[in-house]
Structures are given as structure tokens and as C-alpha cells.
Amino acid sequence: MGLKRGHQARPVELLAEILIFTVSLSTIALILLIFVFVGREAIPVLLGKTNSALIQPVIPAANLDQLQPAEVREYLGLTAQQFQEMDRETLVALMEAREETSNDIPESFRNDPDAQANTTQFRYLFRPHQWTGYDRPEYIWQPVGTIHKYNLMPLIVGSLKVTLIGLLFAVPVSLGAAIYVSQLASPRVREWVKPGIELLAGIPSVVMGVFALLLLASLLQKIFGYQFRLNAFVAGIALGLTAVPMIFSIAEDALTSVPRSYTQAALALGASQWQASWQVVLPAALPGVFAATVLGFGRCIGETMVVLIASGNASTMSWSVFDSTRSLTATIAAEMAEAVSGGHHYRILFLLGTLLFAVTFVTNFVGDLIIHRLKGRLEGRG
Amino acid sequence: MNAARRAPFHSQGRDPVALLGVAVTGFATALILVILAVILGSVVIQGLPAFSWRFVSTVPKKDFFDVNSAAVLPMIVGTTIRVLVMTVFVMPIGVITAVYLTEYARAGSPYTRIVRAAINNLAGVPSIVFGLFGLGFFINFIGKNLDRFSGAEGPNFGQPAVIWASLTLAVMTLPVVIVATEEALKAITPGLREASLALGATKLQTILRIVLPNALPGILTGGILAISRAAGEVAPILFTGAAYFMADLPKRLTDQFMDLGYHIYVLATQSPNIEQTTPILFATVLVLLLLTFSLNAVAIIVRARMRRAMRAGH
């Protein structure tokens, strides 16, 4: 709709246009800000600047004068701003406090090799480690305790597990419904189903979580007879339900954007309505279905409240569908309140957020690209 | 519509595969509707017993798990305030961005494509990441710096508050407003704009006096959809403003607030006796659903009226 500016472009007009353009920059700015400010808190972990070891090297307070200012600042973990505002006495007090904490460490941990390990290093984050008292290397997420165990694998596996169950439930159901509504159903049925799906989309995820917790969990346990009432399976199904409206509408949109002439040609050649839908329309719209799946994946892996309420919240490493589990999102939601601002736990949680942001950024990008291409092809552009 | 579409089963002839296909897809459709009915039905049936005028109009005591003193007034107030403050921020930015995209930008230019990609991405960012963003940007960066410059004792801005939760939600719902407004603007025929320009109005005058007034119903729909989306969101406000319990209603924008969705989460997961809490839990869910669905219903009615008016118009 690129209308030209009025023929008498006045300064006010130009000013307004500049203003409007500036506001439109906000969307790009926001994406960058999210990336910068979520990533910023996680950067020290990525650069290896955090140290979560229980036993840390101690410099006696008496040695303060022999140190460079930069060394003192790094030793005490202060920002440049904080460091400037402090006088010598405060620094000495801080160093003495540091010494004292170190002396307070119980004897039992002094000889534990794990107590000296910086558990925010990548090998502790992603690879199994044989902790003291365990008889083999294991993946453990236990951020609270004397020794902080930050292995991300149980959470990543938990997220993937729940998401895959959600998609295995949501994609077939949504796709089936989309085929039925767009190709087979009478207009009257369609008038009933579409508002129904919109209603489902309007149910907040916390309500879906409650539904899973109180009704779905008992129902599924009765049917499948597994041990833990709350597990990845229950959370996955509920998660799938929250994704159904979105997958349905993208798939339905892709199916209806296939030109009517395709169906009509198939029908004229003697195909039944089903054959035309299944063998002609669906293949033509397949990229759209794929895009719906990709976007549904992003939606499911980023969903918080359902998983937080219905998954049982056990951060154990397990591929079993019927074990209690915990996702990346639920971990952030559950633990941020107790994490000390600026501490290693806090930074690791932001690292999880950055990871989620990166994953959904890619899925959104890919999904939109596929839809764009498909629409272009079906409308005969390129 | 041809005859076949009115009777899906009869048009398949004797082909068993086709009959099965229709049955399976029809079953999938029915399954979604049945689950929806079960969710809504159970919320209404189990929520009504504990739902009363006292429940929605009084402030609860500290022990809100007790059936006799449970109430949700502060949560209703908190949720309402946070979505209203959000609207104040998200509407101008969203509408102006949509005006830029439909009225000024050249379709397909690299800048427009980047803006659209940004909008799509914003719509797909997980809600918990918005929560982290609100904590990292609004509270820890803007809030803490405001505290430093204002020089007041103790944290004033650099802590969870209504304003930060609202701003976080505004960022989250921006794509909803932009997309709805754009649709409304695109639905206005170019003829209307051309007529205005032909009469000597400038582009800005055309937008302010012709385009925007005509698109108003669609813009309002976008606002309502954003509100109903935000009203039920919990993850973005977990660290940016929601409080477990407050004895008073929030008075300033820098206060924390109690929230319906967050309260549902608390009732569901932290009750000492889940059997006893279940009726309150469902009643609270009922209140939240009434709020979001009535907003959605308004949006749907406004949209339907707008379409009818437009069809009548040309």
C-alpha cells in the first residue's frame, strides 16, 4: 500500500514519518535487548569467569598492599563501580570475611576433590562426573547444597522428552482435525469447531496445568497403571493440548491456501473427497504441516507452567516416559527466586534462558521461512 | 460448496480407506472438542460450590488455603491493574509500528522484512524468557540505575513491581497488537485513502482522520486479545512483580501485587491439604476463565460487527 507522501509534504509530515519509523525500530530493538540482557547475565559462565568451588584460594588480608587493584577486584568478585566506591578498610574487612568463610568449611569437605571443582565449567555442565560417594559417573542437577551440581543434561533431556510426547500427541490430532475441518466437514461443523479451537487457545497454560494435575494425571494413571502419578507423559499430553490450537491453525491455513482447482481437478478425475484431500491437497500443503510442527516444537519447549505443575519436578536423568521429570523452563521458574542475584546459580539459570531463546529463535526462523516459501509457491510467485 | 462437502461419509463410495480416513480425522476433531468440554465442564462444576460474592469481593487472610477465609479480590485487582498498565504501553507502540508497516514501509524492502522477522520472533519467545528479560533489563538494569540516580535509601525501583511486570507483558504482547492492527489497516480499501489524498489531505491527515478511525474496531480487538493473552500468563511475572501474599491492595506502581494466575499456581502446588484446597482452586480458575473468556468474547463480537459493517459498506 505504498502511497506517496501528500504532494505538499510539510515539515510536520516529515517529522511524523521519522517518528513513526523510529517507533517501528522498537521491535528490532526489543529482540536485540532480550538477547543482550538475558545473554549478559550468562556471559561469565560462557567465558569461564564464574567459580562455584567450595574451597577457593585465600589471600591473607595483610597482603592487600602487595596486590594490584585489578587482582583485588577479581579476588573479591566486585564490579568496577563497586570497587571504586570502597575504601581500604572495607576491602580489608571483605578479605577477612573471605578468610573466615574458608575456615568455616567442615573438615569432611576439606579432602573432597569435588569441593575444589569449579562446577560451572563446561565439562561439569554437559558431561557426567563421578561425584564423591557415587560409584559411577552421573548427570546430576543439584544446585542447592554444599557442593553445587549443575549438570544441564537431565533438564535438556527432560525438556526434549516432554516436548516430543507433546508433539506426538498434538501433531496427529491437530492435523487430523485440520484436514477434517478444511476439507471434509460441512460449513456448519466448521462454524462449531473454529470457535471451539479459539476457546482452547484462550485457556491459560496455568489452568491447563491444573487440569493435568487434578484430572488428567489420575485418568492416565488408571489407564496405563504406571508408578508415579505426575510424570513426563502427563505433562507432555497437557503440553500438547496447549499447542493444539497453534498447530491446528497453521496446518488449516496451509491446507486452505491450496487452490480449489487442485481439489476440483482431482474430483473431476473421479477421486472421492477423501482421496482428493489425502493424495492431492495434503501433499501440496506438506511444507505447511512441517512448519506447524517446527513452530509447535518451539512452543512446547518454551512452555513453563504446564510442565512446572504436572511433570513431578524431579531433575533425574532418565529417558523413561513414565518417570517424574523437569524441564529447562520449569527449572528457571522454580529456582530463580532462591538464586542469589549475580551468583553462579543465577547465572546458570540465565544460561538456560539463553539456550531456550536460541532454540526458539531458530525454530521460529525456520518455521516462518517454510510458510513464506509455501505461500509463494501456491500463489504462483516463484 | 459442492454436495460432497455436506455429507462426508456418503461421498466416499465404498472405499474403506476413505471411510476410515474420514472417521479418524473426524475423531481427532471430536477429541479436541470433548477435551475442551471436559476442562470447561469440570472447572464450572467443581468451581461453583466455592464461588460466591464474598469470594470475589473480600481480601483473604494469610492462610488463603482455608475454604472459609479464601478470597480473590486482591488477585482480581492485581491482574486487572497489570494488564491495564500494560495496555497503556503496548497500544501506542503496537499501533504506530503497524501504521508504519502498512502505510509507510515499502512491502518487501529489506528493513520491512527484518521488522517482520523480529515481530515473528518476538511472538515465539518463551514466556519464561520474557520473565528473565524483565528481571535482567527492567529490574536489574533500569530499576537499579533509577535507584542510583534518584539517590533514595534502599531499593525503590530495583525490585519486582507492578510497573516492571506490566512492561514485561507489554513486550510479550506487542506482536499481538501489531498483527491485529495491521489486519485492520489492510482491510480498509485503498480507495478511501486515495479519495482523502485527492481532496488535498496530506498523508498524516489521511492516516489520523480517515484510516485510524475506520480501523478502530480492529485495533480495539487487538488490544483486547493482548489483554486476554496477558491476563492468564504467569511465567513472565514470576520474578517481575507477583507476590505470594500481600495484606493490602497495591497502591503505587512500584508495589508488588497478587495475581490470579500465580495464585492458581500457588494453590495447586503449595497447599498443605490438596483435597481441601481443590474447591478454592477451581473457583479461582473459574474467575480467571470468566475474565479471559469474556474479554475474548468481546473481541469476537467486535470483530464480527466490524466485518458486517464493512460488508455493508461496499
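I looked for salt bridges between chain B and chain A, counting a side-chain nitrogen of Lys or Arg within 4 Å of a carboxyl oxygen of Asp or Glu, and across this interface the rule finds 0. I note that the model is predicted, that local features need pLDDT of at least 70 and side-chain atom pairs pLDDT 80 or more, and that totals for chains, interfaces and linings use all residues. Residues are numbered from 1 along each chain, chains are lettered from A in the order in which they are written, and side-chain values use heavy atoms, with hydrogens and water left out.

I then asked which residues meet, taking contact as heavy atoms within 4.5 Å: chain B gives 91 residues and chain A gives 88. The area buried between them is about 7,600 Å², with 75% from carbon and sulfur atoms; buried area is the accessible area (1.4 Å probe) that two parts lose on being put together, summed over both. On the side of chain B that touches chain A, helix α2 (residues 16-47) of chain B supplies the largest share, 18 residues, where a helix is a DSSP run of H or I of at least four residues, numbered from the N terminus.

Just after α6 of chain B, B:G151 takes a positive phi of about 70°.

Last, I checked the extent of chain A, whose C-alpha trace spans about 95 × 75 × 35 Å along its principal axes.

Conventions
Helices (H or I, at least four residues) and strands (E, at least two) are DSSP runs, numbered from the N terminus.
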